[in-house]
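This report describes salt bridges in one protein model. The sequence and structure come first.

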Amino acid sequence: MNYTFERLSDDIKVAVSPDHTFGTDAVILAYFAKAKRKDRCIDMGTGCGIIPLLWLRDSAQSTVHCLDIQQNAIEQVKASIEYNSLGGRLVPHLCDLREIEKEFAAEGFTLVTMNPPYKPVNTGFESIGESARIARHEVCCNIEDAVKAANYLLTYGGRFCMCHRPERLVDALAIMRQYKLEPKRLRFVMDKEGEEPFLFLVEGKKGAKPFLRVEPPLVIKNDDSKFTKEMLSVYGSYADGYEDKIR
């Protein structure tokens, strides 16, 4: 496979391909999760590995793990590891999260993230390549599968962060509470001020008491269609030199 390497910082580039690329949602989720340097982190359904690679722009970030059910995704992550000399800092796993116990011991992580498939099976346009179909439709996992796996992986007090479409918010919050990942932070994302949100971000904490904080919405663009100040912070060093590309 021939990959294109896209700059995330002076030190980190991500391999992208027609099968596995990334969008704004994943970049926003990486920002929202607020990975701490000492966190034991894993990103599920990692695709090209964009979320771990964004975290690893910090040279002091502890080792990050990621998993995907698709062999071609894992090979692509390995290409990024080799290109960036990240051996030992990023560990990929070929794994079906519905059988998570076959790959990992329980309660080994303090932060789990996932940018899951948004579309239920038999909705939308499914006549696309297999990799894209798995990424976009709930053919290999749904919200409950992701939350159940996160519960298994997390230590007591560990955090699970995910993003999804607003129409699935009630489903997500109910399932998280069912699996003892109490929703603690919720944030909506909108393209411009005053528009309906197209995305929500939620953080659940394993074993926590009920108390949900709704944070101010994240607005992507100003009225002139340029990124807001916060969105420039979201992209961080990825934005350097890309002023035209990311407007």
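## Salt bridges in the predicted model

Glu 230 is partly exposed, at 26% relative accessibility (buried means under 20% relative accessible area, exposed over 50%, partly exposed in between, with a 1.4 Å probe and protein chains only). Its partner in a salt bridge is Arg 187, with 2.9 Å between the closest N and O atoms. Arg 187 lies in strand 8 (residues 181-192) and Glu 230 in helix 7 (residues 229-235), so the pair ties together parts that are 43 residues apart in sequence. Arg 187 is buried, its relative accessible area being 10%.

This is a predicted model, in which local features need pLDDT of at least 70 and side-chain atom pairs count only at pLDDT 80 or more, while totals for chains, interfaces and linings use all residues. Residues are numbered from 1 along each chain as its sequence is written, and side-chain values use heavy atoms, with hydrogens and water left out.

A salt bridge here is a side-chain nitrogen of Lys or Arg within 4 Å of a carboxyl oxygen of Asp or Glu. The whole structure holds 16 salt bridges, including these:

| Pair | N to O distance |
|---|---|
| Asp 10 and Arg 7 | 2.9 Å |
| Asp 58 and Arg 37 | 2.8 Å |

Asp 58 sits in the loop between helix 2 (50-55) and strand 4 (64-68), and Arg 37 in the loop between helix 1 (24-33) and strand 3 (41-44), 21 residues apart. Helices (H or I, at least four residues) and strands (E, at least two) are DSSP runs, numbered from the N terminus. Asp 58 is partly exposed at 26%. Asp 10 is exposed at 64%, whereas Arg 7 is buried at 16%.

A network of salt bridges links Asp 39, Arg 159, Arg 185, Glu 203, Arg 213 and Glu 215.
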